[in-house]
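I opened my notebook to look up a few things in this structure.

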Amino acid sequence: MASSTLKIPCELCEQPVLVNHFVLNTPKGDKLFCCEGCKSIYQLLNPDQLTSAHQPQEGDPLNES
Ligand SMILES: [Zn+2]
């Protein structure tokens, strides 16, 4: 018998996720995607589920006067 590998469907297109390189951390938990494109589209469709980790909150250092 083949080993039962758990196939997690992509959050966007529901294709089986073969590699877990594309993970998005959301307030509801980690979301897995099959590719970077699906991850990007999911972020566009669900902007409120993003963490603020990638968005710098500091002012623009080039615009300092
Ligand atoms: Zn996908």
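Leaving aside its neighbours within four places in sequence, which residues is Phe33 in contact with? I found Cys10, Glu11, Leu12, Val17, Phe22, Leu24, Cys38, Lys39 and Tyr42. Contact here means that the C-beta atoms of two residues, placed from the backbone, lie within 7 Å.

I noted the source next. This is a predicted model, where local features need pLDDT of at least 70, side-chain atom pairs count only at pLDDT 80 or more, and totals for chains, interfaces and linings use all residues. Residues are numbered from 1 along each chain as its sequence is written.

I looked up the elements. The chain has one helix and four strands (DSSP runs numbered from the N terminus: H or I of at least four residues, E of at least two). Their order from the N terminus is β-β-β-β-α.

I checked a pairing. Strands β3 (residues 23–26) and β4 (residues 29–32) are antiparallel, with four bridges; pairing takes at least two DSSP bridges. Val23 has Leu32 in β4 as its bridge partner. A hairpin of two residues joins β3 to β4.

I then looked for the largest nonpolar core. It has five residues: Val17, Phe33, Cys34, Cys38 and Tyr42. Such a core is a set of buried Ala, Val, Leu, Ile, Met, Phe, Trp, Tyr and Cys residues joined through C-beta atoms within 7 Å. Buried means 20 or more other C-beta atoms within 10 Å, exposed 12 or fewer, partly exposed in between, with C-beta atoms placed from the backbone. Buried residues make up 12% of the chain's 65 residues.

Last, I checked Glu14. Glu14 sits in the loop between β1 (8–9) and β2 (16–17). Its phi is positive, near 65°, and the residue is not glycine. Glu14 is exposed, because 10 other C-beta atoms lie within 10 Å.
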